[in-house]
Amino acid sequence: MNELDARPQAGDTVRSAPRGGGVRAKGLGGNSVGLMGSAVIGISTVAPVYCLTSTLGSTAGEVGLQMPAVFLAGFLPMLLVAFAYRELNRVMPDCGTSFTWTVKAFGPRIGWMCGWGLVIATIIVLSNLAGVATSYFWLLAGEITGSESVAALDDSKPVHILTCLVLIAIATAISYRGMTATKDVQYALVGLQLLVLAVFVAMALGKADSFATSMSFSWSWMNPFAVQSFAAFTAGLSLSIFMYWGWDACLTANEETVGSTKTPGRAALIAMVVLVGSYLATGIAAQMAVGSGDVGLGLANPETSDNVFAALAGPVMGPVLGILLFVAVLASAAASLQTTFIPVARTVLAMSSYEALPASYARVHPRFKTPGRATVIAGLATGAFYTVMTLVSEHVLVDTIYALGLMICFYYALTAFACAWYFRKELFRSTRDLVFKGVFPLLGGALLAAVFAKTLHDMWNPAYGSGSSVLGMGSVFVIGVGLLLLGVVLMLVMQRRSPAFFRGEVLTKETPSLVMTD
């Protein structure tokens, strides 16, 4: 009997596992990743170099010299939520993570929407990463060949879309082949990113007084209360939260990780520490070198703020080493493009295993032991989404990316609240339980819920994002809320197709672990 179908078949024997966490065996390749590999996957999914080049300028434009403080402020709710993930994973190491945990805490409908939030957020990120990787591919090709016409190929929509689809296909194929192939590729790409960032930081610090906009370090940069307005702070905080998104990929690989109940949580915390350290070091060094102004090489210069490293590569690192920065951004986007398939494919696998999605998505490849069908579907959805958005309007694509913050806050906050509610009867057994299962998750969830509400309010204004509007509403608001409502529609469709799950008969807090045997 093959163990690859997550659901019991006629003649199968189903036995309860010793633990009562409600984890169903899905046929994934166990013990494929250790602590270091899991942490690397978490760092890679976040794509630190890509996040820095795309948000350093925007954040500086919103909060000025307090950019490092806002990086720390964004780290706080993510760290608190990471503790919630760690505690939930200890008792339920299920690849469905947020979906499975919120179903067990709040019921099938809230859980289904939480899973949808993760899936749609990931599809948006995958599309954006593919576009960035494509742009940097042609930009790097132009730098290497010294030909502006080669770099200009990215301006051709057919060439850009075709290159983007090829990169998506390559990333899908690597993810399809399993966690071992993924891990080996990621060691090299993440190592390259962190090495180049270290070189950039060292050289930027060495040129801290070489430019007209250079500044001396001040501890006031670390004071979030010095931001000029609350609106500016929340805008910067939203960008900062986006820069940390993706660390939970460590947890979605839990069923394939050595020590699945403890290793993923530890890996997530390691990834978070590496990320905040990288962001603070790079932000401070860049600010010392060129300042945060909106003229010249200043980080907030609107002509370069959307791609800071492209503007700073030559001046800070020189013409030869500067190419390494282009390589690092390309590697960052490509690495994240590949690992970001992990959470979406495994969430879809779990949702299908528990009958929240069609059964076909629960198929696991017999050789590679990966959710093959879910991975391929995620790749096709990413390619289709990016192609349609690019052809419709670049403004729509930009606004879709702005709407991403709404999805991130939505499912992270729900998961944090799910932790406190799931463990509510255990909170007063010890100080540790109260802090890590109750106080930290509730505080992290409340902070992200506040950012969600404030972002939702700001999105209503057409000036938010690209400046486009639909019936007087900001297009970012329409896209963000529209994608959540699409999830509601799909949930209602699945409710008709799979009523048992939505009646709470398939996955409950008391659901025992199921292990397939011959």
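Which element gives the most to the lining of the largest pocket, and with how many residues?

A: The element that gives the most to the lining of the largest pocket is α9, with 7 residues. The model is a predicted one, in which local features need pLDDT of at least 70 and side-chain atom pairs count only at pLDDT 80 or more, while totals for chains, interfaces and linings use all residues. Residues are numbered from 1 along each chain as its sequence is written, and side-chain values use heavy atoms, with hydrogens and water left out.

Some terms come first. Helices (H or I, at least four residues) and strands (E, at least two) are DSSP runs, numbered from the N terminus. On a 1 Å grid over the protein atoms alone, a pocket is an open set of points with protein on both sides within 12 Å along at least five of seven lines, whereas a cavity is a set where a 1.4 Å probe fits but cannot get out; lining residues have an atom within 4 Å of a point. Points are joined across faces, edges and corners, and a volume is the space filled by probe spheres set on them.

The largest pocket holds about 1600 Å³ of space. Its lining comprises 44 residues, and Ser54, Asn128, Asp306, Val398 and Ile401 are the ones nearest its centre. Besides α9 (230-244), the elements that supply at least two lining residues each are α2 (48-63), α5 (108-145), α7 (157-176), α14 (372-392), α15 (394-402), α16 and α17 (431-459). By class, the lining has 19 nonpolar, 17 polar and 8 charged residues; Ala, Val, Leu, Ile, Met, Phe, Trp, Tyr, Cys and Pro count as nonpolar, Asp, Glu, Lys and Arg as charged, and the others, Gly among them, as polar.

The second largest pocket has a volume of about 520 Å³. Of the 21 residues that line it, Trp116, Val119, Val348, Ile377 and Leu490 lie nearest the centre. Two or more lining residues come from each of α5, α13 (341-353), α14 and α18 (475-497). Its lining divides into 21 nonpolar, no polar and no charged residues.

The search of the whole structure finds 2 cavities of 30 Å³ or more. The largest cavity, of about 70 Å³, has among its lining residues Cys51, Asn128, Phe242 and Trp245. Asn128 is also one of the residues nearest the centre of the largest pocket. Two or more lining residues of the largest cavity come from each of α1 (35-46), α2 and α5, and α5 gives the most, with 3 residues. This lining has 8 nonpolar, 3 polar and no charged residues. The second largest cavity, of about 40 Å³, is lined by residues including Gly296, Leu299, Thr304 and Leu312; the class counts there are 5 nonpolar, 3 polar and no charged.

The structure holds 22 aromatic pairs. Rings of Phe, Tyr and Trp (its six-membered ring) pair if their centres lie within 6.5 Å; planes under 30 degrees apart count as stacked, over 60 as edge-to-face and the rest as tilted. Tyr85 and Tyr412 form an edge-to-face pair, 6.0 Å centre to centre with 85 degrees between the planes. Because Tyr85 lies in helix α3 (residues 67-91) and Tyr412 in helix α16 (residues 404-422), the pair ties together parts that are 327 residues apart in sequence. Buried means under 20% relative accessible area, exposed over 50%, and partly exposed in between (1.4 Å probe, protein chains only). Tyr85 is buried, at 1%, and Tyr412 is buried at 0%. Phe99 and Phe501 have ring centres 5.9 Å apart and planes at 25 degrees, so this pair is stacked. Phe99 belongs to helix α4 (residues 98-106) and Phe501 to helix α19 (residues 499-502), so parts 402 residues apart in sequence are tied together. Phe99 and Phe501 are both buried. One aromatic cluster is formed by Tyr85, Trp101, Trp247, Tyr411 and Tyr412.

Two arginines also meet aromatic rings. A charge sits over a ring if NZ of Lys or CZ of Arg is within 6 Å of the ring centre and within 35 degrees of the ring normal. The charged end of Arg86 sits over the ring of Phe436, 5.0 Å from its centre, and Arg424 lies over the face of Trp421, at 4.1 Å from the ring centre.
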